[in-house]
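Subject: Handing over a structure

Dear colleague,

Please read it with the model open beside you.

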Amino acid sequence: MSAVRREGGRDSDPPRWDGLPVLVLGLGVSGAASARALAGVGAAVCAVDADDSPALRARAAALAAAGVDARLRCGQPDLVSGRRLVVTSPGVRPDHPVVVAASEAGVPVWSEPELAWRLSGGRARLVAVTGTNGKTTTAQLLADCLAAPAAGNIGTPLVDVLATAVPPSVVVAELSSFQLHFADRLRPAVAVLLNVAPDHLDWHGSLDSYAAAKARVWARQRPVHGGGRDDADWAVVNVDDPGARELAARHPPPGRVVGFTLAGPTPGRVGVADGRVVANVGGSPVDVVGVDELGLAGRHNLANVCAAVAAAVCAGAEPAALAAPLRRFRSGPHRLEHVATIDGVAWVDDSKATNP
């Protein structure tokens with residue numbers, strides 16, 4: 001099996017999963033899910049974590065009961081010897097000694113979402129959301145609009161949803177730059193880029209590397225061929241965000257592109273006109289919902305609504321059917337959550353925000 005370079009090389013699927021020697025690096029939620037899924041298809045799994053805690057010991061014991069060789073306080077580079085695949089957790093940086101050793105030995109390194117996609121065999125349509133800010137809110141909005149499960153960086157490992165006997169027909173995935181960095185074959189039918197700003201530079205090493213990881217969300221999408229567009233995939237891009245515009249220009253989506261904006265919805269975009277969210281995608285403009293009908297506060301959340309509408313329409317939803325789920329939606333705990341009004345001052349809990 002040829003190597004997957006850290007920058008994103010190409011490789012083929014294993015000739016068979018049964019007996020395949022795999023190393024899972026990290027026993028967090030996604031690592032444990034990867035180990036379980038691999039053991040479920042008969043792989044010979046060694047799962048390791050450099051730390052030790054009561055929670056990790058319980059997780060390791062459960063994995064051992066499922067036939068996984070689970071080890072704590074373990075993470076040396078020689079673990080790569082004899083492995084045919086390494087599945088790494090989001091917190092593991094590309095310069096980790098095990099990852100470096102795997103790359104040098106020609107052993108593919110996958111993220112958990114990449115593993116989920118390989119195990120699913122493309123049986124589900126993936127609607128993926130990435131960006132520096134707003135991923136979770138937009139993914140939850142999309143899941144409600146499409147009546148589909150949400151997984152990935154949002155909390156539930158994607159492998160727990162995709163790598164099942166009968167996966168859902170549509171799955172919404174929140175994908176981080178860490179997960180996308182080690183993704184090669186992952187192919188969303190709809191890929192959403194919300195925004196790009198400097199973040200996680202200690203992990204990626206540079207803004208260019210961080211942005212390139214985000215662009216991997218559409219790197220494997222089906223392209224537009226000649227005059228035929230019916231089988232091409234969709235990219236949804238925030239045309240108001242300079243970082244998103246620049247990334248789309250430097251790493252152009254191969255398929256169809258729809259923009260979203262807080263300005264008027266010109267053809268091929270979802271936008272805002274006269275206090276209404278309007279979808280102008282593939283035909284005449286369609287009034288979706290009034291801005292004052294939404295239960296989300298802030299211009300950034302209005303942009304998230306426009307992104308969700310654009311992605312839902314690209315995924316096949318009727319624009320007019322989106323008003324009800326959009327009106328019902330409320331942010332999760334600690335996301336611009338109103339706590340109290342005291343002496344005329346509104347106190348808001350936004351502690352879930354990951355950067356200023």
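In which sense do strand β6 and strand β8 pair, and over how many bridges? Strand β6 (residues 125–130) and strand β8 (residues 170–174) pair in the parallel sense, over five bridges, and within this pairing V127 has V172 of β8 as its bridge partner. Two strands are said to pair if DSSP finds at least two bridges between them, while strands (E, at least two residues) and helices (H or I, at least four) are DSSP runs numbered from the N terminus.

Before going further, please note that this is a predicted model, in which local features need pLDDT of at least 70 and side-chain atom pairs count only at pLDDT 80 or more, whereas totals for chains, interfaces and linings use all residues. Residues are numbered from 1 along each chain as its sequence is written, and side-chain values use heavy atoms, with hydrogens and water left out.

The sheet

β6 and β8 belong to an open sheet of nine strands with mixed pairing, in the order β7-β8-β6-β9-β10-β11-β12-β13-β14. Its edge strands, each pairing on one side only, are β7 (150–152) and β14 (286–290), and the twist from one strand to the next averages 25°. Angles here run from 0 to 180 degrees between N-to-C directions, and axes are lines fitted to C-alpha atoms, for helices over the stretch in contact.

Further along the sheet, strand β11 (residues 256–260) and strand β12 (residues 269–273) run parallel and are joined by two bridges, with F260 standing opposite V270 in β12. On the other hand, β12 pairs with strand β13 (residues 276–280) in the antiparallel sense over five bridges, and here A273 stands opposite R276 in β13. β12 and β13 form a hairpin with two residues between them, and D274 in the turn has a positive phi of about 55°.

Helix α10 (residues 242–250) lies across β9 (190–193) and β10 (234–238), and runs at about 145° to β10.

Helix packing

Helix α5 (residues 135–146) packs against helix α11 (residues 299–314) at an angle of about 40°, with the axes 9 Å apart. That angle makes α5 oblique to α11, where angles under 35 degrees count as roughly parallel, over 145 as roughly antiparallel, 65 to 115 as roughly perpendicular and the rest as oblique. In contact, meaning heavy atoms within 4.5 Å, T137, T138, L141, L142, C145 and L146 in α5 meet N301, N304, V305, A307, A308, A311 and A312 in α11. The residues of this contact of α5 with α11 divide into nine nonpolar, four polar and no charged; Ala, Val, Leu, Ile, Met, Phe, Trp, Tyr, Cys and Pro count as nonpolar, Asp, Glu, Lys and Arg as charged, and the others, Gly among them, as polar.

Helix α1 (residues 29–40) and helix α4 (residues 112–120) pack at an angle of about 25°, with their axes 10 Å apart, and that makes α1 roughly parallel to α4. Here S30, S34, A37 and L38 in α1 meet E112, L115 and L119 in α4.

A salt bridge

A search of the whole structure finds 15 salt bridges, each being a side-chain nitrogen of Lys or Arg within 4 Å of a carboxyl oxygen of Asp or Glu. One of them joins the side chains of D160 and R36 (3.5 Å, N to O). D160 lies in helix α6 (residues 158–162) and R36 in α1, so the pair ties together parts that are 124 residues apart in sequence.
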